[in-house]
Amino acid sequence: QVQLVESGGGLVQAGGSLRLSCTGSGFDFNSTTMGWYRQAPGMQRDLVARITSGGITNYADAVKGRFTISRDNAKSTVYLQMNSLKPEDTADYYCKAHQLRNGLPWTWWGQGTQVTISS
């Protein structure tokens, strides 16, 4: 059974930090691209950061220099370190797993964790 379990969300003041974690099971984590997305109320879900199985990362412009994505394959966990948080970072944050299986895309989402930044 595939699962992605996120944790680490919460309420912090602007300028603070949070670290989100997402632990995967039921699939080959090591060969999977992992990503963090976020969705604010009434908005679409957007990419925040992504890390490939080889460790290549990319970030949304809005978080470059403030957020860092990393992975620990031994723990099947991907992290999102969020520093210098702003009220506009407030959203539900979702972990996503992505693979190509026989050339076809396979995707799995976590349940989300809420991040609220107070001004």
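Predicted model: local features only at pLDDT ≥ 70, side-chain atom pairs only at ≥ 80, totals over all residues.
Local features need pLDDT of at least 70 and side-chain atom pairs count only at pLDDT 80 or more, while totals for chains, interfaces and linings use all residues. Residues are numbered from 1 along each chain as its sequence is written, and side-chain values use heavy atoms, with hydrogens and water left out.

The core comes first. A nonpolar core is here a set of buried Ala, Val, Leu, Ile, Met, Phe, Trp, Tyr and Cys residues joined through side-chain atoms within 4.5 Å; buried means under 20% relative accessible area, exposed over 50%, and partly exposed in between, with a 1.4 Å probe and protein chains only. The largest such core has 27 residues, of which Met34, Trp36, Val78, Leu80, Met82 and Tyr93 touch the most other members. At least two core residues come from each of strand 3 (18-25), strand 4 (33-39), strand 5 (46-51), strand 7 (67-72), strand 8 (77-82), strand 9 (91-101) and strand 11 (113-118). The largest contribution, four residues, is that of strand 9. Strands are DSSP runs (E, at least two residues), numbered from the N terminus.

Val78 shows what surrounds one of these core residues. Apart from neighbours within four places in sequence, Val78 is in contact (heavy atoms within 4.5 Å) with Leu20, Ser21, Cys22, Phe29, Met34, Trp36, Ile51, Ile69, Ser70, Arg71 and Cys95.

Two of those contacts, Cys22 and Cys95, form a disulfide with their sulfur atoms 2.1 Å apart; the criterion is a pair of cysteine sulfur atoms within 2.5 Å. Cys22 is in strand 3 and Cys95 in strand 9, 73 residues apart, so that distant parts of the chain are linked. The structure holds one disulfide, and both of its cysteines, Cys22 and Cys95, are buried. The torsion about the S-S bond is about -80 degrees, so the disulfide is left-handed.

Salt bridges, defined by a side-chain nitrogen of Lys or Arg within 4 Å of a carboxyl oxygen of Asp or Glu, come to three. Arg38 pairs with Asp89, with the closest N and O atoms 2.9 Å apart. Arg38 belongs to strand 4 and Asp89 to the loop between strand 8 and strand 9, 51 residues apart. Asp89 also forms a salt bridge with Arg66, at 2.8 Å between the closest N and O atoms. Because Arg66 lies in the loop between strand 6 (57-59) and strand 7, this pair ties together parts that are 23 residues apart in sequence. Arg38 and Asp89 are buried, as is Arg66. The remaining salt bridge joins Asp61 and Lys64 (3.1 Å, N to O); Asp61 counts as exposed because its relative accessibility is 64%.
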